[in-house]
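Subject: Model handover: ligand site, cavity and backbone

Hello,

Here is the model for you to look over. Please open it next to these notes.

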Amino acid sequence: MKLSEKVGAMQFSPIRKFNPIAQKAKDAGKKVYHLNIGQPDVETPDVFMDAIRTYENKVIAYAESGGLPILQESVIDYFKQYDINFEKKDIIVTAGGSEALTMTFISLLNPGDEVLIAEPFYTNYHTFATTAGGKVVPITTKAEEGYHYAKREQIEAKITDRTKAIVCITPGNPTGTVLTLDEMKLIGEIAKEHDLWIIADEVYREFAYDDRKVTSFAMLPEYADRVIVIDSVSKRFSACGARIGLLISKNEEFMSNVMKVAQGRLCVSTVDQVGAAALFKLPMSYYDEVKAEYCGRRDVVYEELMKIPGVVCQKPGGAFYMTAKLPVDNVEDFLIFLLSEFDDNGETVMFAPAEGFYATPGLGKDEMRIAYVLNQADMRRGVELIRLGIEAYNKR
Ligand SMILES: Cc1ncc(COP(=O)(O)O)c(C=O)c1O
């Protein structure tokens, strides 16, 4: 018996790969600061559970394949706050942004079709594209340039007659890079000229810091027929386990066809949708508070990183990640050293090596991704441990 070539081509998550070594460190009594995974520590707003507690139906029935109307209406009102107008027919509720992406690729790609994405990128895109028989084609970006990619030549150089779509994750995971509305317009123009879909992964939409405004590809009506917005409650509302995401597009042909895939999996958890409907009703002040918290953490992480001689990193504008080049030749070896040989007062630290976020072999070996999902004091200590670890590692 044989397995599929597709599953053979998939990879294990580079974010979770080192967990067994971290567990050994913990078993040996070390405290490990986990800066490796995008699981926020911010409390999920009470309205989620309150809505579920007062849900009175006697039967937890299937929901509509496109989603519960109360959630769709709540999402429509949420977007109105940014002057973006969607209707129920434009929205399909999915099991997280992950399912929205899988369904999108299944609906767009034929075997061998290509999808452009700036690397380093959220690694699960490999899995989403491979599931649909497609291939990720990376647009390589650099730490020295703040991982920016919105340049015509750089994007067009990667377009072939198999290119079907360009994915834009903004604010970005793992880089924290945020596209401006002008950059989105440029990508819109390129997509129009080359007849590409734009997959706008905006699961971190509100997490844009300093004087950056919240942006969305949905703010560009001239490209509405080729834009597919991917959204989620996971990060915005710190509700990763609720598994509620959204697939949104004004393109009727796409929406009516992707509905076949949605119907095939029946629906998303009815109860979680009830809770999510309450989350999307939260006032703007909620986002301001959460944003201020993450922005403070970013500043602390950046300040501490800049104390490490040889680190290359520009201050990222959004999300809750930072990717940086470290003055070590192999970041994976360095991480193993941190977990198995190093400690400072019984404490050590874990991050995600960035190599797995690249599609081009050999890139990212000297880069790491930090998720700033712990409080400021813990983040400061975590990055201090990286600094002390580098000193010890390079002295060996
Ligand atoms: C850029 C990006 N897109 C999509 C997802 C998928 O998240 P979920 O399926 O929890 O909505 C993540 C999760 O980390 C992400 O970082």
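Below are the ligand site, the pocket, the cavity and some backbone points.

This is a predicted model, so local features need pLDDT of at least 70 and side-chain atom pairs count only at pLDDT 80 or more, while totals for chains, interfaces and linings use all residues. Residues are numbered from 1 along each chain as its sequence is written, and side-chain values use heavy atoms, with hydrogens and water left out.

**Ligand**

The ligand sits in the largest pocket. A pocket here is an open set of points on a 1 Å grid over the protein atoms alone, with protein on both sides within 12 Å along at least five of seven lines. "Sits in" means that more than half of the molecule's atoms lie within 2 Å of the grid points.

There are 13 residues around the ligand, and Ser98, Asp201, Tyr204, Ser232 and Ser234 come nearest. A residue counts if one of its heavy atoms lies within 4 Å. Helix α5 (residues 96–108) gives the largest share of this shell, three residues. Helices are DSSP runs of H or I with at least four residues; strands are runs of E with at least two; both are numbered from the N terminus. By class, the shell has four nonpolar, six polar and three charged residues. Nonpolar means Ala, Val, Leu, Ile, Met, Phe, Trp, Tyr, Cys and Pro; charged means Asp, Glu, Lys and Arg; the others, Gly among them, are polar.

**Largest pocket**

The largest pocket holds about 550 Å³ of space. Its lining has 26 residues, and Gly38, Ser98, Tyr122, Asn124 and Lys235 are the closest to its centre. Lining residues have an atom within 4 Å of a point. A volume is the space filled by probe spheres set on grid points, which are joined across faces, edges and corners.

α5 and α6 (124–131) each supply at least two lining residues. The largest share, four residues, is from α5. The lining divides into 10 nonpolar, 11 polar and five charged residues.

**Cavity**

How many cavities of 30 Å³ or more does a search of the whole structure find? The search finds one. A cavity is a set of points where a 1.4 Å probe fits but cannot get out. The volume of the largest cavity is about 130 Å³. Of its 16 lining residues, Ala118, Pro120, Tyr149, Ile169 and Thr175 are the closest to the centre. β3 (114–119) and β5 (163–169) each supply at least two residues of that lining. Its classes are 10 nonpolar, five polar and one charged.

**Backbone**

Most residues other than glycine have a negative phi, and most peptide bonds are trans.

- Glutamate 119 to proline 120: the peptide bond is cis, with omega near 5°. Proline 120 is in the loop between β3 and α6.
- Threonine 170 to proline 171: the peptide bond is cis, with omega near -15°. Proline 171 is in the loop between β5 and α8 (181–193).
- Leucine 266: phi is positive, near 65°. Leucine 266 is in the loop between α9 (252–264) and α10 (270–279).

Best wishes
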